[in-house]
Amino acid sequence: MAGHRAGRAARRRLDAIRALSEAGIRTGVLVAPVLPGLSDSPDRLQEVVTACVEAGAESVTAILLHLRPGVREHFLGWLRPRDPGLADDYERRYQRSYLPDAEQRTLSARVRAYAEAAGASAVP
C-alpha cells in the first residue's frame, strides 16, 4: 500500500511539473534527500531525473541526506534492524551532519549528466 501511495505522489509531482512547464513557467526540480545505499543507485537516479526532464523540468539537482544530531540517532535506530550493514556504513560515513563535499560533487555530476542526456535545457 505504501508503495502505491508513493507512486501516486510521484505521478502528481510529475503532473505538476508538466502543468507548470506547459503554462510557460520555467521549472526546476530538487531531488532531496538522496540516501546513500537506498536511493542513490545509478538506475534509480537516472529514472527520476529522466522523468523530471521529460515532464518539462529545465534543470534537476540533488542533495545528499544530512543527519543532524537527534535526527541521526532516530534514523539509525530505524535503519539498524532493517539493514545493519548499511547502518554501520552510515555511522562510519556520517561522523558529522553532512557527508564530505566530494561526495556531494560526485552526486551533482551524476545528476547533471543524466539531466543533459535527457535533454534538460538549463543544467546547474
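Student: At what angle do H3 and H4 pack, and how far apart are their axes?

Tutor: In general, two packed helices are described by the angle between their axes and the distance between the axes. Axes here are lines fitted to C-alpha atoms, for helices over the stretch in contact, with angles running from 0 to 180 degrees between N-to-C directions. In this predicted model, H3 and H4 pack at about 150 degrees with their axes 6 Å apart, and H3 is therefore roughly antiparallel to H4. On the scale used, angles under 35 degrees count as roughly parallel, over 145 as roughly antiparallel, 65 to 115 as roughly perpendicular and the rest as oblique.

Student: What should I keep in mind about numbering and confidence in this predicted model?

Tutor: Residues are numbered from 1 along each chain as its sequence is written, and side-chain values use heavy atoms, with hydrogens and water left out. Because the model is predicted, local features need pLDDT of at least 70 and side-chain atom pairs count only at pLDDT 80 or more, while totals for chains, interfaces and linings use all residues.

Student: Which residues of H3 and H4 meet?

Tutor: A contact means heavy atoms within 4.5 Å. From H3, Arg72, Phe75, Leu76, Leu79, Arg80 and Arg82 take part, and they meet Pro84, Leu86, Ala87, Asp88, Tyr90 and Glu91 of H4. By class, these residues divide into seven nonpolar, no polar and five charged, where Ala, Val, Leu, Ile, Met, Phe, Trp, Tyr, Cys and Pro count as nonpolar, Asp, Glu, Lys and Arg as charged, and the others, Gly among them, as polar. Arg72 of helix H3 touches Leu67, Tyr90, Glu91 and Tyr94, not counting residues up to four places away in sequence.

Student: How do H2 and H5 cross?

Tutor: The axes of H2 and H5 come within 9 Å and cross at roughly 50 degrees, which means that H2 is oblique to H5. H2 passes H5 in a right-handed crossing; a crossing is left-handed if the near helix is turned anticlockwise from the far one by less than a right angle, and right-handed if clockwise. Pro42, Leu45, Gln46, Val49, Thr50 and Val53 in H2 meet Leu107, Arg110, Val111, Tyr114, Ala115 and Ala118 in H5, and the residues of this contact comprise nine nonpolar, two polar and one charged.

Student: Which elements does the protein have, and in what order?

Tutor: Helices (H or I, at least four residues) and strands (E, at least two) are DSSP runs, numbered from the N terminus. The protein has five helices and two strands, and along the sequence they follow the pattern α-β-α-β-α-α-α. Contacts between residues 24 or more positions apart make up 74% of those with a separation of 6 or more.

Student: Which residues touch the most other members of the largest nonpolar core?

Tutor: In soluble globular proteins, nonpolar side chains tend to be buried together. A nonpolar core is a set of buried Ala, Val, Leu, Ile, Met, Phe, Trp, Tyr and Cys residues joined through side-chain atoms within 4.5 Å, where buried means under 20% relative accessible area, exposed over 50% and partly exposed in between (1.4 Å probe, protein chains only). The largest such core has 29 residues, and Val60, Phe75 and Tyr90 touch the most other members. Strand S1 (28-34), helix H2 (42-55), strand S2 (59-64), helix H3 (71-82), helix H4 (84-93) and helix H5 (101-118) each supply at least two of its residues, with the largest share, five residues, coming from H2. Leaving aside residues up to four places away in sequence, Tyr90 touches Leu35, Pro36, Leu38, Leu65, Leu67, Arg72, Phe75, Leu76 and Leu79. Of the 124 residues of the protein, 30% count as buried.

Student: Where is Leu14, and what is it in contact with?

Tutor: Leu14 lies in helix H1 (residues 2-22) and counts as partly exposed because its relative accessibility is 22%. Neighbours within four places in sequence aside, Leu14 is in contact with Ala51, Cys52 and Ala55. The C-alpha atoms of Leu14 and Ala55 are separated by 5.9 Å, although these residues are 41 apart along the chain.

Student: Which form, cis or trans, does the peptide bond from Ala32 to Pro33 take?

Tutor: That bond, from Ala32 to Pro33, is cis, with omega near -10 degrees. Pro33 has its place in strand S1 and touches Ser39, Ile63, Leu64 and Leu65, not counting residues up to four places away in sequence. With a relative accessible area of 44%, Pro33 is partly exposed.
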